[in-house]
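Hi,

Here is the structure I promised to pass on. Have a look at it first, and my notes come after.

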Amino acid sequence: MNEWRSGLILTIIALFFLDRFFNLPYGEKILAGLTLLVIIISIPISRGIPKIFGSLMLVIGTLILLGKDSGIDEWAQSMIRNLPLMALIVLVPILTIPIKLGGYDSNIESITNRYRSKPNLLFLSISIVFQMIGPVVNLGSIRLIDAMLKKLKLPAEFLGKVYIRGFTSIITWSPYFAAVLLILYYVDIPLVSYLPFGILLGLLQLIIGNLLFIKEAKKIEFPEITESHENNRWKIFELIVAFSILTSIVFFFEYWLQMDMIMIVALSVFIFPFFWSLYLKSFRRFIQSLNYYRKYIVPGTSNEVILFLTAGFFGAVLSNTSIGLLINDGLRYLAETSILLMIILTIILTSLLALFGVHQIVTLISVASSVIASDLGIEKVVFALLLMSAWSVSTIVSPITPVNVIVSSLINKKPLQVSLKWNGVHALLVISAHTLYIYLVHIWISGGK
């Protein structure tokens, strides 16, 4: 059953790429049917929150489409909305194969071993690694970094904090994240106008996470170092060069092909490891590892696949309803009362809805598509910062966001424990800091006119 499901998922990804490049006859409809089949056979074997919320989003989205008497084209487009993200999360683990074959993971382990007695520096170093590879590898960076740190057997609480805080600080600024591009599209603001403010927003979030951990580290017990290995500096240099080449390839093809960044990353992390394994003279072992990946890794992504696909379907369906009307009226009223109050309540409301299962894409796209920044008395860049802050904080606290699902799965803990128990205080501090920062940007821009 696992191999059959794995084969179906990989077939969908292959057909999806072919359809994007060659516009296959009835491509969307075929992909929609296969995607629905994957969801149906994956829900029974998924666990906990992904199973519950995945089922609810599928049923509610279906009822809405039936109530609207939607045509087959709307059904198909809604069903395949998140296929690029699914392709990314399924294919990125392939990138970890040459890392293991080349012994890079053991060398990274030896370097981080130096900081085992200095948790604060270890936390900071891992956070910085996220800033380097996360913008390109996206969600796959969590699995990639986890593969590098696996042998260290670090405490689950430590990993739950550093993975969530390191990754979510990228969400506010990376031009290769769908969230940033989506918000900028709806707000109608060029990337160059937003990026400097977005980077500062993410940097502020990263600093808060590291400063908070200085206090939290005292309550986390780290295992004693039982062994240490000398690291091969050449191997570390090789790894840096490999990631630099991968990053350059992604940038080059983004410019050359004019494709969706997620598509380019997914293709790159699938193709690049083949050439990497040839350089390592381990191509036969690479093919053997691919077989293991097909049998065990792909079926093991059921929880993530369910949430990606059903959330995309649910969000696509609701984006065509009038759900944003009440939020629109409320935002205008708050803006007339106080810009500061409007900023903080928007972030809190979006986060609370995400906490109870309403994905932030539903809330924020409803807001962005029904509200004009000037009607609120703010500039477009301020509005974009507000929406991106809400997106980032919602990602931290929501137990059904792919980030929390992946992290909780990797460290074998419940999503609510990761999102609220371990990162709830961090989220509250981020809300306060982001609100103040966005309000100061508003005052600064308004005062300059």
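Predicted model: local features only at pLDDT ≥ 70, side-chain atom pairs only at ≥ 80, totals over all residues.

Residues are numbered from 1 along each chain as its sequence is written, and side-chain values use heavy atoms, leaving out hydrogens and water.

Salt bridges first (a side-chain nitrogen of Lys or Arg within 4 Å of a carboxyl oxygen of Asp or Glu). The whole structure has seven of them. One joins Glu216 to Arg165, with the closest N and O atoms 2.9 Å apart. Glu216 sits in helix α12 and Arg165 in helix α10, so this pair ties together parts 51 residues apart in sequence. (Helices here are DSSP runs of H or I, at least four residues, numbered from the N terminus.) Both partners are buried, which means under 20% relative accessible area with a 1.4 Å probe, protein chains only: Glu216 has 14% and Arg165 has 2%.

Another salt bridge pairs Asp375 with Arg332, at 3.1 Å between the closest N and O atoms. Asp375 is in the loop between α19 and α20, while Arg332 belongs to helix α17, 43 residues away.

Finally, helix α9 (residues 140-149) is mostly covered, with 10 of its 10 residues buried.

Best wishes

Notes: Buried < 20%, exposed > 50% of the residue type's maximum accessible area, 1.4 Å probe, protein only. Helix = DSSP H or I, 4+ residues; strand = E, 2+ residues; numbered from the N terminus.
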